[in-house]
Each structure stands twice: as structure tokens, then as C-alpha cells.
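Thanks, everyone, for making time for this.

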Amino acid sequence: MDEQAKEFWKKVHKNNCFAPRRLQDELQHISIKGIKRANFGINEAYADIFGPTSKTYWAGKYDMQENMVDHIDWSNSRQARQRLPLGLKRWQAKFATGHIAVGTMAKRRKHQDHDKCPRCSLPMETTDHVLQCKDARAVDVWSKSLESIKSTLVDNNTAPELRNAILNIVESYHSNSEPAIIDQNYPHMNEILRDQNKIGWHNFIHGKWSNKWVAQQREFLLKHDSKRSCKRWATAIIHKMFMVSWDMWEHRNGILHTASSYHYQQKRRSLDQNIKQEYRKGTHRLSQDDRKLLDKPLIEVLRLSNDDKQLWLDSMHWARENFIAPEDRAQQQLQRQRGAMLNWLNTGSC
């Protein structure tokens, strides 16, 4: 009965059969896209206003075929993200779009002079490579994550054909190969797999599922008279995918920032060289206050961590770039005084 009520509600909501009407004595109301709102929810308004822009961005990205953006189960993907802490929500958006400090992006932003993976040292590290890295340490973490995905599928009473398909997609993605889109054992799965293939397997890993997955799970639950929610099922699996990506990212960064790693030592040598160069420049273009940056002996600054060294260099660069010579400062002050006097003479006010 609950499932039938939900289906009826969705049908009414989609066809806008009972849209709110403006009252005769109503002084003002809020409308979005010409439809009056009986209440104003921030999330719903945001989706209505910025949703088309977001969909346009994702359409065609990561091998998504044209017009497939409306086949994505955005609702359950959003619910899965809502379960993440605020910091992980921000991270997930950056990771899914590729705008995060992987090798290629760090090099493009000139944060480093190479784009190698800190685990296997292969060039052109992307977010895909973070999940597909074949370094023995990365493979070990992935294997444990795969077991956790299997447990989540079982715990949420996933239909056998869906469980097999999802695991096949995840394993194929990790091996950087195309999963089969023809299931001989479960022919009814072929339409789902073809639909997801048009959306993209990368997008599947990052929570952009075809809406046919939930429909198939719903049929399975109804067939077995289960009271479980197919929406909660999809949310739980997508959330697990997010956390697997997070675990791989954390492992990658742990190795990157290990003091014994090649990349850490390479970064340290580069920072040391830049710091020594700043000390050789001395107090040139440094104000009296900023000269305090040179109070510490060079050997003490070289003992700092990489992060603290970078902060020291950023402070030094900012100080030199924004230095104003005393004679220039006096000239600027005189110009401001002249401007104030001229304004007073013209308007009678300062």
C-alpha cells in the first residue's frame, strides 16, 4: 500500500495536477518557473534555480552521452551526499569533478613540477588513477574496500542480479576495463546496463546511477514481500561508494606526506632551495616589521615541516611583493591629502 501511495504521489507531482493556486486576497506569493510555491524550501529552490546549470555541466562529462542527464537518479545521489559530514561533502564534489590536488591538477596549478602518482610514480595522476592505482599498497586498500562493498550489498538485501552487476562494474572499473553490458544469466538486466553505459561507468562509481537500478530493486522487494525501502537501499550503496573513494584518497595522501616518500623529499629539497634564496636576498624590499621573518637562523627554518616551510615562503613572497619604500609611502600620503583638500574645496566636505 505504501509503495502504491508513493507511486500515485509521484504521478500527481510530476503532472502537476494539484498545483497551488493564487488566492483572491493574496497580496504576494513566490513563484519559481511560473509555478506558485505553497512553501519555500531552500534545497528545493536551489535545485529549481541552479539544477539546469548543474545538469548542463554534467551532460557530456566523463563519457556521458547526450540527453542522458535526466536518466540519472539525482534524488538518491543527493540523499547519499547528505549523509556525509560537511567536509566530505566538499571533498566529494571536488573529487567527482576532478578539481582536486591530484598530480595533473597540482602541476597545472603550479603547486609542483610533476604530475606523478605518489604511490606508483606513474605520470598523469587523475582521480580515476587514485582508485585504479596498481601499487601493492593501493591494491591492498582496494581489496578491503571491495569486501566492505560486498557486505553492504548483502546487509541491504540487494537483489542477486544487482549485486553481481554492481560488483562486476566496480571490479572492471578498478582494472580499467569495460564491464559487460550483456548478462546471460539475467537478461532483464541488459536494459539497466545499457542505460548505465550511456551515463558512464566513472559516473556510476561517483554516485550517478541510472534510475533503473532502483526500479529493479523495488521489483525484487515487492516480489519477496519485503518492507525495506529501495530508496534507502540506493542511498546506502552510493554512500558506501563515496566512502571507498575517500579511503583511497586518504591512503594516497598518507603516502604522499610520509617523510620517507620520494615526493615528500623532493618537495623538501625544493622548499629548502627557495628558502636559502630568500635568505641570500636579505632585507631587500622588506619593511621593518616583515624583517622579523629573518630573525630565526636559517638552520632552524630548514628544520620546519614542509607545510610550515611553505607558509614561511608565502609570507616572505607577500612581504616583498607588497613592500612600499618610505619615500613612496610619503608621496602616497601627500597625494591623499591633496585629494582630500581638492574635494573639500569643490564640495565643501571631506
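Which residues make the nonpolar surface patch of about 340 Å²? The patch is made by Y46, I49 and F50, and of these I49 is found in helix α2, residues 42-58. Patches here consist of residues with over 30% relative accessible area and no salt bridge, with like charges joined within 9 Å and nonpolar side chains (Val, Leu, Ile, Met, Phe, Trp, Tyr) within 5 Å; a salt bridge is a side-chain nitrogen of Lys or Arg within 4 Å of a carboxyl oxygen of Asp or Glu. Accessible areas come from the Shrake-Rupley method with a 1.4 Å probe, and for residues only the protein chains shown count as cover.

Some words on the source. This is a predicted model, in which local features need pLDDT of at least 70 and side-chain atom pairs count only at pLDDT 80 or more, while totals for chains, interfaces and linings use all residues. Residues are numbered from 1 along each chain as its sequence is written, and side-chain values use heavy atoms, with hydrogens and water left out.

The chain averages a pLDDT (the predictor's confidence in each residue, from 0 to 100) of 86, and 89% of the residues score at least 70. The chain has 16 helices and 2 strands, taken as DSSP runs numbered from the N terminus, with helices being H or I of at least four residues and strands E of at least two.

Finally, consider Q92, which lies in helix α4 and counts as buried because its relative accessible area is 5%. Beyond residues up to four places away in sequence, Q92 touches R81, L84, H206 and F242; Q92 and H206 are 114 residues apart in sequence, yet 8.4 Å apart in space, C-alpha to C-alpha.

Definitions and conventions
Buried < 20%, exposed > 50% of the residue type's maximum accessible area, 1.4 Å probe, protein only. Contact = heavy atoms within 4.5 Å.
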